[in-house]
Amino acid sequence: MPEISVIIPVYNTSAYLQECVDSVLSQTFQDFEIIIVDDCSTDGSMALCRKLYGNNSKVTIIHHEQNGTVGTARNTGLKASKGKYIAFLDSDDLYMPYALEELYKAAEAYQAEVVHSPDCFLPNGNVEHIRTEDEFRKLRLDKLPLGTEIQLLCSEKAGRVQAWADKGISTVVWSNLFRRDFLAEHDIWFEEDIVPGQDGIFMFRCVFHAHTFVRIPDCVYIYRRPASAVTRSKRDGKFLAKLVHCMVRKIESLERYMAGIPYLQEHPELQDKVRNFAIADTDSFFAQDCYLPDGTVAGDIEPVHQAFKNIFGQHAYFAEHFFHASHKKQVGDVAEWGLRMNYMFPWHLFKQGDKVVLYGAGEVGKGFYEQALRFPYIELVGIVDKQAGKTGMQGIPAKPIDNLTKWDYDYLLITVVNKLVAEEIKSELKAKGISEEKILWDGKYYPIEDYFSNYYFPILGRK
């Protein structure tokens, strides 16, 4: 019986397959089996596997008769595995020569159910073929501090869930070693209908259930993203809509698992953190490729609109706005098209087409003004400020307060966060004869973090 089963799902990666498999065969630790699962490749990957490794006693080759997903292939490999431990290697990636040895030594020394490596290597430049002896740069996958020694993950459940939900622990499976009987005991498999995103759910269950979860300081995995990678399907509105639906399926899947865990049922605050992760884990790396330099979505955006309508109903507009603003490609901390996101326009206060005037051209007002222009859900009548005409407006065409008596509008939105200041402004406006029903303020949701955690997450969480 081999100590380690290395599962390699394959789909149309014939150009990189030999480099991948050979990186396992040349490991310093040799007590392993390799399980290659071909998921109906059309580029000759299966024939290449049989030609190169068909007579190798360490290699088992399995062919799917029907195309599935990477989760389907990994599950097939799990069912066929015989090793004490399980490792997952993507077919366009490689192991460093010492990878299995380092992971195995830590697993045995600590009797760990999961051994985790917090970094990976990335090839330098846009190269198609690489060797383990090439020069690489490092990509940090975890956010938790890392020392020079093996570390034990917090054994307290709430701390673990918090670390996972904050993405302190990388959610990819390929930088880990798992004990096979642990996965079987807790019935941990891959979700086959969530792509991308099944890794995060798999890792959540491992983080939660593992008695001993250790992190090694070593970087053992080489991660590359060639143009032919499985996740490199066309990035456009259709793909973006798929990501949105995956986000919801992740929530549904995690809800199903949490329902069977008494500890989480007794700690609803941790359930919220888990739900929030499912949204935050919608991969910006994938989503950003769907946007053009001018901030628009590549291809037809209607599938994206429809996805949000299906999920959010009457809240679809502001949910879609937030999603786009959160995922557009960034230049530093500012989106390429200049959208300010320190504060979130309160879309939930309005119906589509409402005529709105903004009161206040400070930092909040400037952000609201730009968002309202770029997402014309409402009709922006204008913006007023006591300092109109003076310096500091930074291009915002604020008008004097007196203009309120000249404009036709449905609502006047006060754009300050402080409640006491907002109440003072409201009293002044009422004294000018403006109806109280027209004056709106909801400052508790203005800061982007508060909007995200107190409004956006709960609505999606209920889905």
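A polar contact is a pair of N or O atoms within 3.5 Å, where within protein one atom must be able to donate a hydrogen and the other to accept it, and where residues adjacent in sequence count only if both atoms are side-chain atoms. Helices (H or I, at least four residues) and strands (E, at least two) are DSSP runs numbered from the N terminus.

This is a predicted model, in which local features need pLDDT of at least 70 and side-chain atom pairs count only at pLDDT 80 or more, while totals for chains, interfaces and linings use all residues. Residues are numbered from 1 along each chain as its sequence is written, and side-chain values use heavy atoms, with hydrogens and water left out.

The protein has 16 helices and 18 strands, and of its 463 residues 54% count as buried, that is, under 20% relative accessible area with a 1.4 Å probe and protein chains only, as against exposed at over 50% and partly exposed in between.

At the start of helix α8, a side-chain oxygen of D236 comes to within 3.2 Å of the backbone nitrogen of K238. The 23 residues of α8 (residues 237–259) should span 33 Å at 1.5 Å a residue, and the end C-alpha atoms are 34 Å apart, which agrees; the expected span is 1.5 Å times one less than the number of residues.

Four strands form an open sheet in the order β16-β15-β17-β18, with parallel pairing, two strands being paired if DSSP finds at least two bridges between them. Because β16 (379–384) and β18 (439–440) stand at the edges with a single partner strand each, one side of each is left without a neighbour in the sheet.

| Strands | Direction | Bridges | Bridge partners |
|---|---|---|---|
| β15 (residues 355–359) and β17 (residues 411–414) | parallel | four | L358 and L413 |
| β4 (residues 85–88) and β10 | antiparallel | three | Y85 and R179 |

In the loop between β1 (4–10) and α1 (17–25) lies T13, which counts as buried because its relative accessibility is 2%. Leaving aside neighbours within four places in sequence, T13 is in contact (heavy atoms within 4.5 Å) with D43, S45, S91 and D92.
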